[in-house]
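Open the model in your viewer and keep the selection panel at hand. The stops below say what to select and what is there.

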Amino acid sequence: KVVATARPLEDGTYAAQLSIQKALGIKGPFAAEERWDQLGVFPDPQDAVSYAKTTAADWLGADFSH
């Protein structure tokens, strides 16, 4: 599971963040590893999310644009 978000910062800009969750092959509620990466700071939240999605697609070789 990939989640791209824009986290608002105190100065009115937005941090692009990317969470990549992958199954670890363990049964139960703790079967996923999650990693958040902060990718950069943008003036607009849509720009931040768009950048995070593009980065995820580059990393994973997949299309997350829809």
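Start with residues 45-60, helix H1, which has 16 residues and reaches 22 Å from its first C-alpha to its last. That is close to the 22 Å expected at 1.5 Å a residue, where the expected span is 1.5 Å times one less than the number of residues. Helices (H or I, at least four residues) and strands (E, at least two) are DSSP runs, numbered from the N terminus.

This is a predicted model, in which local features need pLDDT of at least 70 and side-chain atom pairs count only at pLDDT 80 or more, while totals for chains, interfaces and linings use all residues. Residues are numbered from 1 along each chain as its sequence is written, and side-chain values use heavy atoms, with hydrogens and water left out.

Select aspartate 44 and glutamine 46 at the start of H1: a side-chain oxygen of aspartate 44 comes to within 2.8 Å of the backbone nitrogen of glutamine 46.

Which residues of H1 are buried? They are Ala48, Ala52, Thr55, Ala56 and Ala57. Buried means under 20% relative accessible area, exposed over 50%, and partly exposed in between (1.4 Å probe, protein chains only). An α-helix has 3.6 residues a turn, so residues three or four places apart point the same way.

**The core**

Now select Ala4, Ala16, Leu18, Ile20, Phe42, Ala48, Ala52 and Ala56, the eight residues of the largest nonpolar core. E2 and H1 each supply at least two residues of this core. A nonpolar core is a set of buried Ala, Val, Leu, Ile, Met, Phe, Trp, Tyr and Cys residues joined through side-chain atoms within 4.5 Å.

**The aromatic pair**

Rings of Phe, Tyr and Trp (its six-membered ring) pair if their centres lie within 6.5 Å; planes under 30 degrees apart count as stacked, over 60 as edge-to-face and the rest as tilted. By this rule there is one aromatic pair. Select phenylalanine 42 and tyrosine 51: their ring centres are 5.2 Å apart and their planes are at 40°, so the pair is tilted. Phenylalanine 42 is buried, at 19% relative accessible area, whereas tyrosine 51 is partly exposed at 39%.

**The loop between E1 and E2**

Move to threonine 13, in the loop between strand E1 (2-8) and strand E2 (14-23). Is threonine 13 buried or exposed? Threonine 13 counts as buried, because its relative accessibility is 19%. Its side chain makes a polar contact of 2.5 Å with the side chain of aspartate 11. A polar contact is a pair of N or O atoms within 3.5 Å; within protein, one must be able to donate a hydrogen and the other to accept it, and residues adjacent in sequence count only if both atoms are side-chain atoms. Not counting residues up to four places away in sequence, threonine 13 touches Arg7, Pro8, Val41, Phe42 and Pro43, contact meaning heavy atoms within 4.5 Å.

Glycine 12 lies in the loop between E1 and E2 and is partly exposed at 45% relative accessibility. Beyond its neighbours within four places in sequence, leucine 9 is in contact with Tyr14, Ala15 and Val41.

**Whole chain**

Finally, select everything: the elements run β-β-β-α from the N terminus. Of the 66 residues, 24% count as buried.
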